[in-house]
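Subject: Structure handover

Hello,

Please find the structure below. My notes on it follow.

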Amino acid sequence: MAHFFIREKKLSFFVEFPKMGRADLRDFKKGIDESFKDFTREYGEAIEHFFDPLLYFLVWLEKLFLNTPWPIIMVAIAVLVYFGSRSLKLTIGAVLAFLVIGYLDMWEDTMATLAIISVATIVCISVGIPIGILMARSNRAQTLITPILDVMQTIPSFVYLIPVVMLLGIGKVPGLLAVCIYAIPPIVRLTNLGIRLVDKDVMEASEAFGASYSQKLLGVQIPLALPNIFAGVNQTIMMALSMVVIASMIGVKGLGVPVLRAISNQYLALGVMNGLAIVVLAILFDRVSQKFGKRLQAHTESMK
Amino acid sequence: MSDTKVAIKDLYKIFGSNPSSMIDKVKDGISKSDLLEKFGHVLGLDNVNIEVKKSQLQVIMGLSGSGKSTLIRHINRLIEPTSGSIVVDGEDILSMNQTELRNFRRSKASMVFQKFGLLPHRKIVENVSYGLTIQGINKKEAYERSNQWIESVGLNGFENHYPAQLSGGMQQRVGLARALATDADILLMDEAFSALDPLIRSDMQDVLLSLQEKLHKTIIFITHDLDEALKLGDNIAILRDGAVIQSGTAEDIILHPADDYVTDFIKDINKARVLKVSSVMNNENSIKGPEIQDNVIIEDALQTVSKSGSNGAIVIKDGKKIGTVSLTDMIMAIARSTKNTDSDTVYR
């Protein structure tokens with residue numbers, strides 16, 4: 001019986017997936033592409049101008065890092081690491097690592113990477129924390145934003161590079177944007193989580209003493225969520241660093257550029273050296289920010 | 001009545017998806033279990049009427065699930081009622097807008113919590129001054145005022161510690177000092193001492209009573225512990241399934257329990273420590289013995305009488321004889337009641 005029906009072509013959809021026609025599909029894709037191109041032509045320039053301040057800041061910071069004599073930068077790094085971590089061992093390690101990086105002729109690229117990571121981190125924190133607070137405050141915001149964050153974290157970065165490049169071209173700003181899209185979800189998620197995890201009893205006490213919304217937020221929720229928020233900042237920095245190579249594909253200077261060159265030319269040493277420099281930066285950022293975060297929780301330790 | 005501080009009237013609280021639609025059914029007398037089974041709503045408070053007089057310590061007593069914590073949260077509107085009214089100092093709490101309510105919480109009624117609710121990231125002095133800084137009082141003044149309260153609860157020297165560095169009893173002293181620091185006339189205490197171990201609990205009860213002697217606050221004290229209720233309360237309301245089943249002084253409740261539930265409740269109580277000689281006093285001239293003040297508890301009176309070897313005592317008030325008590329009457333009064341100790345009855 002079954003043979004009969006298939007031979008009769010009555011049930012052809014049963015063996016072959018019902019598809020959109022080839023022409024229809026082409027028009028469909030073309031339609032999307034065209035309308036996005038129109039959008040780009042219409043608003044591309046305005047959007048580019050919107051990000052101008054960010055570009056100026058990034059260029060300024062990069063120049064500052066590059067034009068400052070290296071010993072001063074070295075001292076600044078040592079001071080920052082020491083006051084962040086209060087650990088002499090880590091400070092010495094950081095200075096040694098940067099000496100080796102400089103000696104192996106990676107100083108300029110490292111400074112460029114440092115600049116874009118710093119700007120990306122600042123952008124992520126100043127955008128991510130407010131969004132996290134909003135999510136913690138409203139369940140509707142949470143259900144709306146969570147899937148967006150999921151997409152941002154899982155979609156292959158090359159896919160969102162396409163519209164970003166179409167809109168803003170090749171350059172520092174689209175690179176920065178790509179880094180931020182990838183790096184912002186952890187800080188948003190962990191801010192939200194941190195605030196939601198704040199002890200209900202403490203919140204009720206604050207409410208019972210007549211605290212206003214901002215007094216609750218700034219006096220209780222943010223301080224108590226700080227360990228989580230800080231874990232988010234840490235994760236954001238790590239993810240931003242891991243985007244350095246991809247960002248260099250669309251014109252961001254830094255340690256990613258030689259890595260990319262090494263891939264296309266099969267330069268093993270160049271690739272490994274610059275790759276390790278990224279690792280060193282990541283480890284330093286991680287250790288310093290973790291130690292700093294731990295110090296913020298001094299109150300949780302009981303008396304010795 | 002002018003000396004009524006807090007008046008709770010016809011208060012109902014129903015939890016569920018559409019509480020206001022259930023209110024008529026509750027007023028018609030549907031039972032708590034029927035409401036839950038047939039309509040999926042939980043009856044939290046069932047027609048509660050309590051008047052708290054100024055400078056009194058009102059205890060609200062009930063087992064877990066009786067609605068006592070829900071009730072106390074209505075007084076500063078941490079929970080909104082389904083219907084009813086709450087009037088404090090002639091002002092209706094329920095008609096207040098957000099700003100008025102905030103001011104009420106800041107200056108009129110402060111609260112002490114079972115789980116302390118201290119801010120773990122702030123030092124003791126910052127915790128005690130929390131209510132003051134919320135009001136916008138500058139740090140210096142707030143700390144000065146807080147230090148007095150830290151001293152009065154016996155925590156001087158710990159100003160710069162963090163809550164996690166203190167024991168439970170000490171943390172609750174901080175909670176008490178924080179509540180007192182705002183100078184609110186009303187103190188809401190939600191099972192404030194229940195999380196403490198027995199010795200420290202009794203210690204804290206004494207701290208509260210001695211502070212109350214000086215401060216004369218209006219205190220509403222929630223507890224599940226009848227001993228605590230009898231020790232602290234000027235007036236005690238017993239709550240069961242969200243309804244007040246008896247309200248009165250400690251003696252009232254022990255001598256005239258309203259129903260079997262209360263009877264069962266008080267059967268293990270040491271009555272000798274609650275009842276005063278005046279409650280078993282009569283006037284028999286045949287009794288001779290030592291003189292005892294009318295407000296002495298029977299436990300102490302029995303000791304005095306048995307030491308003197310007589311068959312009773314003369315009760316005096318303001319230096320004048322107002323009656324007598326016999327040894328037998330005192331012993332009968334404190335004997336465990338044999339009525340209704342039905343072990344099959346289960347109370348939730």
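Helix α8 of chain A, residues 139-154, has 16 residues and spans 23 Å from first to last C-alpha, close to the 22 Å expected at 1.5 Å a residue. The expected span is 1.5 Å times one less than the number of residues. Helices (H or I, at least four residues) and strands (E, at least two) are DSSP runs, numbered from the N terminus.

This is a predicted model, in which local features need pLDDT of at least 70 and side-chain atom pairs count only at pLDDT 80 or more, while totals for chains, interfaces and linings use all residues. Residues are numbered from 1 along each chain as its sequence is written, chains are lettered from A and ligands numbered from 1 in the order in which they are written, and side-chain values use heavy atoms, with hydrogens and water left out.

Chain A, helix α8

α8(A) has a kink of about 25° at A:I145, shortly before the proline A:P147. The bend at a residue is the angle between axes fitted to the seven residues ending there and the seven starting there. A:I145 is also one of the buried residues of α8(A), together with A:A141, A:L149 and A:M152. Buried means under 20% relative accessible area, exposed over 50%, and partly exposed in between (1.4 Å probe, protein chains only). An α-helix has 3.6 residues a turn, so residues three or four places apart point the same way. The cover over the buried residues of α8(A) includes α7 (107-137), α9 (157-168) and α10 (172-196) of chain A. At the start of α8(A), a side-chain oxygen of A:S138 comes to within 3.3 Å of the backbone nitrogen of A:R140.

The largest pocket

The largest pocket has a volume of about 810 Å³. Its lining has 27 residues, and those closest to its centre are A:L80, A:V81, A:S118, A:F285 and A:V288. On a 1 Å grid over the protein atoms alone, a pocket is an open set of points with protein on both sides within 12 Å along at least five of seven lines, where a 1.4 Å probe fits; lining residues have an atom within 4 Å of a point. Grid points are joined across faces, edges and corners, and the volume is the space filled by probe spheres set on the points. At least two lining residues come from each of α4 (52-67), α5 (70-85), α7, α12 (213-242) and α15 (268-295) of chain A.

Positive phi

Most residues other than glycine have a negative phi. A:Q266, not a glycine, has a positive phi of about 55°. A:Q266 sits in the loop between α14 (256-265) and α15 of chain A, and is exposed because its relative accessible area is 72%. In chain B, the phi of B:D183 is positive too, near 60°. B:D183 belongs to the loop between α8 (168-181) and β7 (186-190) of chain B and, at 43% relative accessibility, counts as partly exposed.

Chain B

B:G131 is in helix α6 (residues 130-134) of chain B. B:G131 is buried, at 1% relative accessible area. Apart from neighbours within four places in sequence, B:G131 is in contact (heavy atoms within 4.5 Å) with A:F209 and B:T182.

B:D190, in strand β7 of chain B, counts as buried because its relative accessibility is 3%. Its side chain makes a polar contact of 3.0 Å with that of B:S69. A polar contact is a pair of N or O atoms within 3.5 Å; within protein, one must be able to donate a hydrogen and the other to accept it, and residues adjacent in sequence count only if both atoms are side-chain atoms. Beyond four places in sequence, the contacts of B:D190 include B:I72, B:M111 and B:I222.

B:T223 lies in strand β8 (residues 218-223) of chain B and is buried, at 0% relative accessibility. Its side chain makes a polar contact with the side chain of B:E228 at 2.7 Å.

In helix α4 (residues 98-107) of chain B, the buried residues are B:L101, B:F104, B:R105 and B:R106. Among the elements that cover them are α11 (200-208) and α12 of chain A, and α3 (68-75) and α6 of chain B.

Regards
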